[in-house]
Amino acid sequence: MRELPTQPTCDLAGALQMSLYILFNDRYQRPIKSKDTYETTNDYCPTIIFNTEYLSNQKSRGFLTEVTNQRKLGFAICDAVQRYFRGF
């Protein structure tokens with residue numbers, strides 16, 4: 001079993017981070033964390049685990065319940081997948 005995520009997984013995570021930064025540059029400036037989870041080390045295709053916000057935090061919950069922010073997050077994920085397949 002590998003101990004680190006595969007390169008395709010790291011590339012997809014980088015594409016998502018880039019897309020999130022473009023849309024939410026003041027909110028999503030978090031580093032990519034490489035974890036040796038089963039999903040990311042035993043993948044047959046790029047696999048990422050993406051945490052948006054914490055629903056227990058009132059400010060974060062307010063952010064996530066706004067339709068505009070939901071659409072932006074969906075767009076960022078879609079954009080990241082497209083960037084990944086285009087090679088960034």
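1. Overall make-up. The protein contains 4 helices and 0 strands, and its order along the sequence reads α-α-α-α. Of its 88 residues, 28% count as buried.

2. Confidence. This is a predicted model, and the average pLDDT of the protein is 80, with 74% of the residues scoring at least 70. Among the elements, the lowest mean pLDDT, 62, belongs to helix 2 (residues 38-41), and the highest, 92, to helix 4. Points below that concern helix 4 therefore refer to the element with the highest mean pLDDT.

3. Geometry of helix 1. Helix 1 covers residues 7-23, which is 17 residues. At 1.5 Å a residue the helix should span 24 Å, and its end C-alpha atoms lie 25 Å apart, which agrees.

4. Burial in helix 1. The buried residues of helix 1 are Thr-9, Leu-12, Ala-13, Gly-14, Ala-15, Leu-16, Ser-19 and Leu-20. Cys-10 also lies in helix 1, but Cys-10 has a relative accessibility of 30% and so counts as partly exposed; the cut-off for buried is under 20%.

5. Nonpolar core. The largest nonpolar core has 9 residues: Ala-15, Leu-16, Leu-20, Phe-24, Phe-63, Leu-64, Leu-73, Ala-76 and Ala-80. At least two residues of this core come from each of helix 1, helix 3 (58-65) and helix 4. In soluble globular proteins, nonpolar side chains tend to be buried together.

6. Leu-73. This core residue is found in helix 4. Its relative accessibility is 7%, so Leu-73 counts as buried. The C-alpha atom of Leu-73 is 8.3 Å from that of Leu-23, although the two residues are 50 positions apart along the chain.

7. Ile-77 is placed in helix 4, which runs over residues 67-86. With a relative accessible area of 39%, Ile-77 is partly exposed, because that value falls between the limits of 20% for buried and 50% for exposed. Together with Val-81 and Phe-85, Ile-77 makes a nonpolar surface patch of about 300 Å². Ile-77 and Leu-20 are 57 residues apart in sequence, with 8.0 Å between their C-alpha atoms. Leu-20 itself is a member of the largest nonpolar core.

8. Salt bridge. How many salt bridges does a search of the whole structure find? The search finds 1. Arg-83 forms a salt bridge with Asp-79, and the closest N and O atoms are 2.8 Å apart. Both residues sit in helix 4, and since they are 4 residues apart there, about one helical turn separates them.

9. Are Arg-83 and Asp-79 buried or exposed? Both Arg-83 and Asp-79 are buried. For Arg-83 the relative accessibility is 15%, so this residue counts as buried, the limit being under 20%.

10. Arg-83, found in helix 4, is 72 residues from Asp-11 in sequence, and their C-alpha atoms are 9.6 Å apart. Cys-10 and Thr-47 are separated by 37 residues in sequence and by 8.6 Å in space, C-alpha to C-alpha.

Technical notes. Residues numbered from 1 in each chain as written. Heavy atoms only, no water. Patch = residues over 30% accessible without salt bridge, like charges linked within 9 Å, V, L, I, M, F, W, Y side chains within 5 Å. Areas by Shrake-Rupley, 256 points an atom, 1.4 Å probe, with all protein chains shown as cover. Salt bridge = Lys/Arg side-chain N within 4 Å of Asp/Glu carboxyl O. Buried < 20%, exposed > 50% of the residue type's maximum accessible area, 1.4 Å probe, protein only. pLDDT = per-residue confidence, 0-100. Expected span 1.5 Å × (residues − 1). Core = buried A, V, L, I, M, F, W, Y, C linked by side-chain atoms within 4.5 Å.
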